[in-house]
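Here are a few notes from me on the charged side chains in this one. Have the structure open while you read.

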Amino acid sequence: MSSVLQPATSGQDLQAPSTAGKYRPITSHLAITPPVSVVIPAMNEAENLPYVFKTLPDWIHEVVLVDGNSTDGTVEVARELWPGVKVVGQQGRGKGDALITGFEACSGDIIVMVDADGSADGNEIVSYVSALVSGADFAKGSRFANGGGTDDMTFVRRLGNRALCAVVNRKFGARYTDLCYGYNAFWRHCLDKIELDCTGFEVETLMNIRVVKAGLRVQEIPSHEYLRIHGVSNLRAVRDGLRVLRVILAERSNRRALRRRGHRSPMLDTVRGEAS
C-alpha cells in the first residue's frame, strides 16, 4: 500500500517547493502522497451538481463524472463547475454499471464514491482518506455508526437495511452498522480482489460482502446523509431490496461452494470509525 502520512510541524509550509508535487496538503496537520479520484455517477443531475461540487475539497487529484446519457446539461454544468473534470459516457444502465465504468477511468491510488444528488457532504472525504492512509483497505460510510445520521430514509427502507445488514453480518462474519450506502472509499488495488459484476443499486452490498470474503481491512466512517436536493431518486425500496437479497444469497452460495472445494475465505478485520 503506497501511502505516506506526513504530520505538519508548526510553521511548516506545505506548499513549499521542496514538498510541492510530493505531498498533498489535506489539513494543517496532515498531508498525503497518493492521488485521490472521486467518482460521481450521474443521470440528469444538473441542478444538484453545484451543491455536490461545492463541498469537494480542492486537494483531490481528479473528478470522474460518469454520465448516463443525461439530457439536462449535466455534462456542461460539471465542466463549468470543475474545468478539469473527466467525463465518461456510460454505455450500459444502472448504478453498478456506472460505478464500474468510473472505476476503470480513475488514475488515482485512492477512489471515492459520491452520489450526484447532493445527499453526501464532500467535506467528509478527509475522514475516508485519513482512514485509508492510516491502514484501512476499505473505508465504508455508515449512517448508523456513532456520529452518523440520515435525513433521507423512510421507515421501510430503514427496516429493510437493518434486516439485510444483520443477514450479511451473520452469514459473512462482518460487523457492519450500515449495508446499503453509496459513500465509500478504497485503495485501487481492492478492485482486483472484489471483481464487481453487477449493474444496479445492489453494487454497494456486493462490494461490502466481497471485501469481507477477500479479507480486506475495513473501517466504518460515520457519515450524514442529507435529503436529495432536486429531482426524484431512481431507488425503489422493494424492487432493489429484492435485488440486494439475491446478491446476498448468491454470494453465500458461492462461499459454500468454495468451502466444499477445500478453500476458506479470510475473515474481516473491521474497525468501526468514531466521530472525531
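1. There are 11 salt bridges here, counting a side-chain nitrogen of Lys or Arg within 4 Å of a carboxyl oxygen of Asp or Glu. Side chains of opposite charge can pair when their charged atoms come close.

2. Before you go on: this is a predicted model, where local features need pLDDT of at least 70 and side-chain atom pairs count only at pLDDT 80 or more, while totals for chains, interfaces and linings use all residues. Residues are numbered from 1 along each chain as its sequence is written, and side-chain values use heavy atoms, leaving out hydrogens and water.

3. Start with Lys-86 and Glu-62, a salt bridge whose closest N and O atoms are 3.3 Å apart. Lys-86 sits in strand E5 (residues 86–89) and Glu-62 in strand E4 (residues 62–67), 24 residues apart. Strands (E, at least two residues) and helices (H or I, at least four) are DSSP runs, numbered from the N terminus. Lys-86 is partly exposed at 31% relative accessibility, but Glu-62 is buried at 9%. Buried means under 20% relative accessible area, exposed over 50%, and partly exposed in between (1.4 Å probe, protein chains only).

4. Next, look at Lys-140 and Glu-220, with closest N and O atoms 3.9 Å apart in their salt bridge. Lys-140 is in strand E7 and Glu-220 in strand E10, so the pair ties together parts 80 residues apart in sequence. Lys-140 is buried at 1%, and Glu-220 is buried at 0%.

5. Finally, Lys-213 meets Glu-251 in a salt bridge at 2.8 Å, N to O. Lys-213 belongs to helix H7 and Glu-251 to helix H8.
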